[in-house]
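Good morning, colleagues. Please look at the structure first.

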Amino acid sequence: MKEKIVMPLWTCCLFIVVMNTTMFNVSLPVIIRDLQITSDLGSWVISSYSIGYALSTVIYSRLSDRIPVRKLVTVGLLILGCSSVLGLFAHNFALLLTTRILQSAGAGVMAGLGLVIASRYIPVERRGAALALISSGSAMAFGLGPIVGGLISEYMGWNGLFAITVLVLLALPVLLYFLPRETVNKEQPFDLTGALLTIVNATTLLVAITQRSWIWLVIGIVSLATHILYIRKARLPFVNPQVFRTPGFTRLIIIGFCVLVVNLGNLFLMPLVLADLYHRSALAIGLLIAPGAIISAFCTRYVGRWIDRYGNMRFMLIGQCMLAAVLVLFMLGLDQSALIITGGYVFFSPALSASMASLNNEASRVLPRNQIGSGMGLLQLIQFFGGSVSVAVCGLLLHAIPGVTLQEAYHVVYGCLLVVCLISLGLTLWHSKATSVSNRDLTSVPSGR
């Protein structure tokens with residue numbers, strides 16, 4: 001594989017895919033007004049894409065165990081590109097929602113297979129740099145999404161946002177030319193029942209949280225219990241239980257969940273703080289957030305090399321310590337100046353990229369080769385689910401804390417994110433210690449045994 005061509009191009013496509021989750025945030029009020037729908041209904045323009053993106057990510061990753069990556073990339077990018085063309089002409093809510101769901105069905109191929117490709121075809125001594133590059137694409141997209149969305153909506157209308165994702169079709173022939181031709185085990189069955197149960201699990205639980213519905217929560221818990229029973233009986237289930245027997249992988253899943261809770265929660269809160277406390281416009285908010293994303297992308301080449309040289313655990317710890325420090329700054333000083341947000345995110349975004357790159361690299365290291373597809377897909381599903389839950393819970397907390405002003409509520413919610421970050425940091429310390437003990441035990445075994 002021509003990694004010097006494939007990985008930068010893959011990062012560009014992932015940048016577009018991830019930015020598609022943030023561009024519409026800025027335009028949502030205009031969409032609600034133009035289509036004359038309620039805000040609750042309009043929120044599904046965002047949440048439908050997030051839910052579908054998370055689910056399709058793990059499905060593409062799982063399918064990579066039995067279907068060549070080139071075929072999956074072709075299907076995913078064609079679905080994403082063609083549905084984006086349809087979105088250019090979506091002038092009613094039904095067609096808009098259908099387009100967003102179709103987009104999410106194709107978009108997951110970039111996140112789902114990026115880590116799989118890096119884990120399979122890039123040597124471990126260079127893998128950290130590749131994963132850091134992918135992480136920087138996501139971080140850059142989160143930062144620049146509001147700016148791009150604001151500019152396009154202002155001058156082209158919100159339908160023009162779909163023109164950005166059409167661009168992935170230009171990358172498809174190049175990727176097909178340089179991606180390796182694989183020989184996969186086509187005899188390995190795909191667990192359709194398990195995949196459907198996974199979709200039901202994630203959807204019902206997310207709907208329960210976003211709609212604050214006890215009925216949906218009960219349905220979600222019942223579906224989850226049913227899925228667990230099914231996994232115990234299935235021969236080759238969609239969610240491979242073997243990955244949980246890999247030493248340390250469960251800890252990495254929980255750490256990934258916590259880190260995405262912190263990231264998406266912060267990305268949700270920063271624009272609200274700048275709008276509610278400092279009355280900044282959507283474009284001004286994007287400009288205040290952008291420096292952190294740009295610096296994160298600039299630091300990527302160095303962070304990746306440092307991870308390859310000094311190891312995953314060091315940068316997982318450094319990154320999460322920086323995240324915790326920034327959350328403390330936001331919790332105590334977010335009402336002092338808008339520049340607190342800008343300055344804090346300058347450190348938050350690179351720290352996040354370092355944390356995610358080292359986390360994903362560590363997961364690819366601990367997983368056996370035959371479990372990389374299922375393991376990395378599950379890891380990303382849990383991460384995206386954590387991010388979706390974080391946005392919903394942060395939104396609820398802002399208006400559910402009795403007897404406090406909105407300004408005080410922001411302090412409390414950032415305090416909650418800090419607690420999650422500290423839990424993640426503690427688990428990282430535990431994993432680091434366990435890894436050190438395991439490596440020491442291996443090196444102490446006599447060579448003749």
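I begin with phenylalanine 348, which is buried at a relative accessible area of 0%; buried means under 20% relative accessible area, exposed over 50%, and partly exposed in between, with a 1.4 Å probe and protein chains only. Please note that this is a predicted model, in which local features need pLDDT of at least 70, side-chain atom pairs count only at pLDDT 80 or more, and totals for chains, interfaces and linings use all residues. Residues are numbered from 1 along each chain as its sequence is written, and side-chain values use heavy atoms, with hydrogens and water left out.

Now to the pairs. Rings of Phe, Tyr and Trp (its six-membered ring) pair if their centres lie within 6.5 Å; planes under 30 degrees apart count as stacked, over 60 as edge-to-face, and the rest as tilted. The search of the whole structure gives five aromatic pairs. Among them, tyrosine 177 and phenylalanine 178 are edge-to-face, with 4.9 Å centre to centre and 85 degrees between the planes. Tyrosine 177 is exposed at 66% relative accessibility, while phenylalanine 178 is partly exposed at 22%.

Phenylalanine 348 has a stacked pairing with tyrosine 345, at 5.9 Å centre to centre and 20 degrees between the planes. Tyrosine 345 is likewise buried, at 2% relative accessibility.

Finally, the charges: one sits over a ring if NZ of Lys or CZ of Arg is within 6 Å of the ring centre and within 35 degrees of the ring normal. Arginine 100 lies over the face of phenylalanine 24, 4.0 Å from the ring centre. Arginine 251 has its charged end over the ring of tryptophan 430, at 5.0 Å from the centre.
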